[in-house]
Structure formats: C-alpha cells, structure tokens
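Subject: Structure handover, with notes on one helix and the salt bridges

Hello,

Please find the sequence and structure below. My notes come after them.

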Amino acid sequence: MASPTSPSAARSAGLQVSEHRLVLLAGDLAMGFTAILVSLWTWSITAGYPFDAGFVASRAWWMLVVPVWATALAPTREVQNALSLERTRRGMAGAAGVLLVVYLALYFYVSPDTLPRLMALYVLWESVLLTSAWRVAYVFAFTRPGTRRRVLIVGTGEGALTMARTIAHHAPHLSVVAFANTEVGDVGSATATSHVELDGIPVLGPADSIDAAVAREGIAEVILASDNASAAARLPALLRCQERGVDVVPMSTLYEQFLRRVPVGHIAPDWPFTLLAEAVRARDASRLAKRLFDIAGALVGLVALIVALPIVGLLTLIESGRPIFYRQMRSGAGGASFRVLKLRTMRANAETDGPRWAEPGDARVTAVGRLLRRSRLDELPQVINILCGDMSLVGPRPERPEFIADLERQIPLYRARLMMRPGLTGWAQVNLPYADSLDEARLKLEYDLYYIKHRTLGFDVWIILRTLATILRFGGR
C-alpha cells in the first residue's frame, strides 16, 4: 500500500473533473438501461405477456430512450451541479420534460400500439426514480472527506482567499488543505511551517517546500493564486510536483470552470492579449456560421415583432402617446457607435437631467413599459439592428458610450467586451438583471468575458433557450 507521503498517494487523492464526468455518464447509462428493462418487465406483467428473451428482443428499440435521457442529463454532469442535490433535481425535471416532449412528438406519427402510453409512463417513472437513487448515492460517496480531491493554494492574498471561498461554495469535491505563503513578510512568513491560518485553513511559510508539503499531505492539485513574480520563485518546486503527476493549474482556470465567468480582479494585465486573444482567434472560423445564425434568428424575431407591434403600439399610444419606438446611441464592436432601436418603456423626456442607469422600481418606467421589460418585448426591435449587422443574437449587452467611458476608468478590462458585436441577449443577461451599480457592472463583465472566450453556436443556442424561459415566466426587469 502506498504511504500518504508517496507520489502515488497524491495521484490517488480524489477524481479529476473528467473522471467524475465519466463516472456520472456510466451511472446514468446504466440506470437508463435498467429503467428500460424494469419498465418492460412491469409492462409484461400488466399486459399479460411472458417476460422472456423474445419479448425483450422484439421491443429492444425502447433502448433508444437511453441516449436521449443521457443527453438531456448532460448539464447535471458538471461536477458542481452533480454534487448539488437541488441542481440535480432541477436538471432531472428538465430531462424528464425532454423525454415527455419527444414521446408526444413521436406519438402522433406512429401507430398507438408502437408507443403505448402505459409503457411510456413506466419508462419515465423508472428513469427518474433509478437515476435519482444513483445520483443520491454519488453525492454521498463523493462529498465525504476521504473522497475529496485535496488541493494546495499557492498564495495568501485576495485571489487565494477568493479561490478558497469559491471552492467552499461551488466545489464540494475539493478540499483545501493549506495555503502556501509566497513572499517574505507576508502572512505566516515567520516560520517554515506556520501555525497562522486564513479562513480556518493553515498557511505554510515561504521556507516550507511546496513539493515536500504536497507529498506529505497527499495533495492532488496545486492552484496558483499568487502574482507571476512569486510563482516564478516557486517554479522548481512546482515543476517537481508536476513531474509526480500533481495537477498545477492557475486560479483563473478553476474560477471559470466553477462560476462560468472570468475573475477580472485576479488575472494578469496581459490576459486580453494572450489567453483571450488566442481563444477569440480559435473561434474566428465560426464567424460566418454565427452571422448566418443571427440572420435566421432575426428573421424569426421580425415576424414576432410584426405580430406584436399593433397591440403594443396601441397600448403605448393610449398610455403615454408618441413615440412608440426609442432610439439611443450605443457602442458596438470596436467601439463603433450605432443607434439601437427599442420599444419605448419610459415616459417621454425621461433623461432631462442626463443619462443614468435604470433602477429597480424606476419611476420613469410606464405601466406598459414595465410589462414590456418583464417580457423582454422592448428589446424585440433590435432584430433590425441584427439584420443591419450592428448586433448579434447573442453577445455582450450594447452599452451607452457615456457609461463605457466612466466604467473603463473604474473596472479593469471593461473595454475588452467590445471585441465582438453586442447581443440581443447574452450570458450576462441570462445570469443577472440589468446592472445598476459599479459592482453589478463588474460582475456582468466577468460573464461577458467568459462568453467571448468560450462562445460556440451550441453555447448561443443554450443562452437563447434560457432567454426564452425568462420571457415565458416574465423574469425580465
């Protein structure tokens, strides 16, 4: 048996994210196949058929439900979702809804005997029941101290604390064993192995060897949360850790993975010109596909606008008169100005005192305008901006030049969001309401930069689906 101080002990401490996903996928598939077999057995009893190999073979096409079920469960296989029973429950409900929609869609095109309702009910029930039981067992197994992946955070500054708190709230499969102090004179520098703690977590002094601590504590992952100069001083020890199979990852990488946003306060000044620029260049080949996708979506939106405009326009005229539409200068890709088109939601001459952010319960918003905002219909005329090429279906929110000038003085990297066309909806918009403070603007920037770095057509579709869900539940503001 490997000792706790051996390299193999460090490598065996907890599963990697990719390994968690494989375990979850294998379990979901196993439960799916079991659910079909149990459903066929139950159906054979109620229908009076013998449950034998011939019966199962003649109805084996029911197994096609399994990949549909597994695909619908894909979002719940992200580790932070899988280890949350509440997120798993919501994901399970969504997957069950997908199965139901697929069944109803097929039911009208095949013989009723092919898709009996009783069998469909059994499949739905057993799939949810068995997969739920498996997921509860998974959470129990991988949130115990002995199965958590042990990590060491290099650094004791604000970034290190942010990473530790992020792990505590969003990564129950990880356990922070210690911080490694990187600078003389900083917390815990007095002794080789200090008794100082941060947030209840021990701090190793700068004289304590990182690779020795990694071996001693069975560390599986080292997170870099210090500045470049401090990390460079630790480079030989970090390389020795990597040689032994210990993962060495930047704090920003895990922050993005867990929170789906970029930590703008804890990244290097050259990040927009290195990691972000490389990610954007890697996606340049999809620009034509994205533009075609934008045009197709905008044409659908244009039809919806034509249908809704007579009703919305009449209500606006009755309540507050003309104009129905509202034009406002916004900054687009590269800072180019354009006039965004919206349905008017505020009273006329609402900004006589100059531009200011909308606020919760803003008195300038009319009753009809409030309805339009909650349903997001006020944004619908922007499909014309999309057709003109000023905007995209999905992207950062188009902001006013006056606000951008102020925000880029106070928020690092704020102007980086102008690397692409603004969107009718976006990753920030579906996660947060309109920004009405500096802190909210900074948080939305984190989501915007994550989208710019990770954008794909699949990601766009997911954001649009979430936007439609917001519209249906009147979740706008």
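This is a predicted model: local features need pLDDT of at least 70, side-chain atom pairs count only at pLDDT 80 or more; totals for chains, interfaces and linings use all residues.

Residues are numbered from 1 along each chain as its sequence is written, and side-chain values use heavy atoms, with hydrogens and water left out.

Helix α7

Helices here are DSSP runs of H or I with at least four residues, numbered from the N terminus. Helix α7 covers residues 117-142, which is 26 residues. From its first C-alpha to its last it reaches 37 Å, close to the 38 Å expected at 1.5 Å a residue; the expected span is 1.5 Å times one less than the number of residues.

For burial I used relative accessible area with a 1.4 Å probe and protein chains only: buried is under 20%, exposed is over 50%, and partly exposed is in between. The buried residues of α7 are M119, A120, Y122, V123, E126, S127, T131, W134, R135, Y138, V139 and F142. They pack against α2 (17-47), α4 (65-72), α5 (79-82) and α6 (85-107), where contact means heavy atoms within 4.5 Å.

Salt bridges

A salt bridge is counted when a side-chain nitrogen of Lys or Arg lies within 4 Å of a carboxyl oxygen of Asp or Glu. The count by this rule is 22.

R240 forms a salt bridge with D211, the closest N and O atoms being 2.5 Å apart. Here too distant parts of the chain are linked: R240 belongs to helix α11 (residues 235-243) and D211 to helix α9 (residues 210-217), 29 residues apart. R240 is partly exposed, with a relative accessible area of 35%, whereas D211 counts as buried at 7%.

R216 and E217 also meet in a salt bridge, at 3.6 Å from N to O. R216 is partly exposed at 36%, and E217 is partly exposed at 30%.

Finally, salt bridges link K342, D378, E379 and R397 in a network.

Regards

Terms used. Helices (H or I, at least four residues) and strands (E, at least two) are DSSP runs, numbered from the N terminus.
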